[in-house]
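Student: I am new to this structure and would like to go through it step by step. Could you show it to me?
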Amino acid sequence: MSSHDDIAAVRDQLLARYETLETKSDILKSAELKQLFGKIPSLPPAERGAFGQAINQLSNELKEKVAADAHAANELPAIDVTAPFDTNASKPDLLPSQHGTIHPLTQEIAKLSDIFGRMGYVVEQSREIDDQYHMFEALNFPKGHPARDDYDTFMTEEKDTDGEPFVAPAHTSTMQNRILKKYKQNLADGEAIAAIVPDRVFRNEDLDARHEHTFYQLEGIYVAKGVHAGMLIATLQKFLEEYYGKKLDVRVNPFYFPFTEPSFEFALSCPFCEGKDDSCKVCSGEGWVELLGCGMIHPNVLKAADIDPNEYTGFAFGCGIDRLVMMKHQIEDVRHFESAKLDFLRQF
Ligand code: DAH
C-alpha cells in the first residue's frame, strides 16, 4: 500500500468519526493524524515533500470543517422560524436574514492605524465636542485670529466657564496639545512622541460631491530631538506607498497653517492614471492630487504643552481620510459615506 493510500484511508476514518463527535475540534487531535505526520522522516527523501503536503491538505480540510461548524453553531443567532417578519419587497433591507458589513471608512481606518502602528505610532481618539482652547488657542490661533474663520466650526449655544461656546471639532489637530502632554515623559526618556488620531470632524459647509459636514481626518504628530522636514516627507511618502501598494512621487509646496512653521501642502502623483490620462476623474488630468497639510510644529504649540522648542522639534500632518479612501476605491461622491445606503456599503 502506498503512503498516499494511507492518507486516503485515514481520511475516510476521520470523516466518519467526525460525524459522531460531540466536540468537533477533537478530530484535530486524533492519533491517526499524528501518526501520519510521524511517518514523514521514515520515507525516502524524494517522497517526503508530496506526502507532507497531502497530510497538510487533509489537516486543513478538517480545520475548515471544524471552523465552519463552529460558525454555524455559535455565531449565527438562533432563528425562530415561526416568527412573522416583513417580506414586503419594497423594503428588502429589512430582511432579518441579511448581515451587516463593516463600514468602508472603519475598514480603512484599521489599515491606516496598522501601517502607522508598524512605524511605532500610537493611535489616539478625538472627541465629538471640544473647547476653543484645543480647537484654536493651543494651536497658535489667538483670539481674533483671521484663520479661525476658515474652519466653519459648529458651535454650541451653551457657554463654557470662560463664556465661550463649545465646538464640534473641525479638525483632529485639537488632540495635539493633549497628546504632547500625555506622552511628554517619552522625551525625558530619550524616546519620541509619535501618535496618530484617525477620527471624525465636523464643518458647517455647503455640501456637494467633495464636501460633507461630517468627515474623517488622520492627524499625525512626531516630536523628538533633531526632527527635520526630510523625516516628515519620508514618513508621508512611505505611508502613502504602503497604503496604495505602489511607488508614488510626491510634491511639496509652501503653505500656511498657524500651528506649523514652515507649513506645506503635500500632493502625490495620481495613483490611478499616474499623470497619463487627461480625462482622469481622480486628478482631473493634472497628474497630482492635493492630499494633506503638514509642517514643522510651531514653537508656540510645543510651548503650550511645556515642551522646550529649543531642545525638541517635531512634525505634524492632517489628511482627509474620506479623500484617501475615495481615491483608493474610485468613489465619486463623499456623501455616500454618511448616506446609510446599504447598496453602497455592501460593496466593501
Ligand atoms: N488641521 C488642518 C486642517 O484641518 C490640517 C493640518 C495641516 C493638520 C497641517 C496638521 C498640519 O497637523 O500640520 O485643515
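Tutor: The conversation below goes through the chain, the ligand and some details of the backbone. Please keep in mind that this is a predicted model.

Student: How many helices and strands does the protein chain have?

Tutor: There are eleven helices and nine strands in the protein chain.

Student: And why is the chain described as more spread out than a compact globule?

Tutor: Its radius of gyration is 28 Å, whereas the globule rule gives 20 Å for 348 residues; the value is well over the rule, so the chain is more spread out than a compact globule. Along the principal axes, the C-alpha atoms fill a box of roughly 85 × 60 × 50 Å.

Student: Which residues come nearest to the ligand?

Tutor: Of the 16 residues around the ligand, the nearest are His171, Ser173, Arg203, Gln217 and Glu219. By type, the residues of the shell divide into six nonpolar, eight polar and two charged.

Student: What lies 2.9 Å from an oxygen atom of the ligand?

Tutor: A polar side-chain atom of glutamine 217 lies at that distance. For arginine 203, an N or O atom in the side chain is also 2.9 Å from an oxygen atom of the ligand. Alanine 316 takes part through its backbone, with an N or O atom 3.1 Å from a ligand oxygen.

Student: How much of the ligand does the protein bury?

Tutor: The protein buries 92% of the 350 Å² that the ligand exposes when taken alone.

Student: Changing topic, which residues does the cis peptide bond join?

Tutor: The cis bond joins glutamate 261 and proline 262, with omega at about 0°. Proline 262 belongs to strand E7 (residues 260-269). Most peptide bonds are trans.

Student: What is phi of asparagine 140 near?

Tutor: Phi of asparagine 140 is near 70°, which is a positive value in a residue other than glycine. Asparagine 140 lies in the loop between helix H5 (132-135) and strand E2 (155-159).

Note on methods: Residues are numbered from 1 along each chain as its sequence is written. This is a predicted model: local features need pLDDT of at least 70, side-chain atom pairs count only at pLDDT 80 or more; totals for chains, interfaces and linings use all residues. Side-chain values use heavy atoms; hydrogens and water are left out. A residue is near a molecule or strand if one of its heavy atoms lies within 4 Å of it. A polar contact is a pair of N or O atoms within 3.5 Å; within protein, one must be able to donate a hydrogen and the other to accept it, and residues adjacent in sequence count only if both atoms are side-chain atoms. Accessible areas come from the Shrake-Rupley method with a 1.4 Å probe; for residues, only the protein chains shown count as cover. Ala, Val, Leu, Ile, Met, Phe, Trp, Tyr, Cys and Pro count as nonpolar, Asp, Glu, Lys and Arg as charged, and the others, Gly among them, as polar. Helices (H or I, at least four residues) and strands (E, at least two) are DSSP runs, numbered from the N terminus. The radius of gyration is taken over C-alpha atoms; the globule rule is 2.2 Å times the number of residues to the power 0.38.
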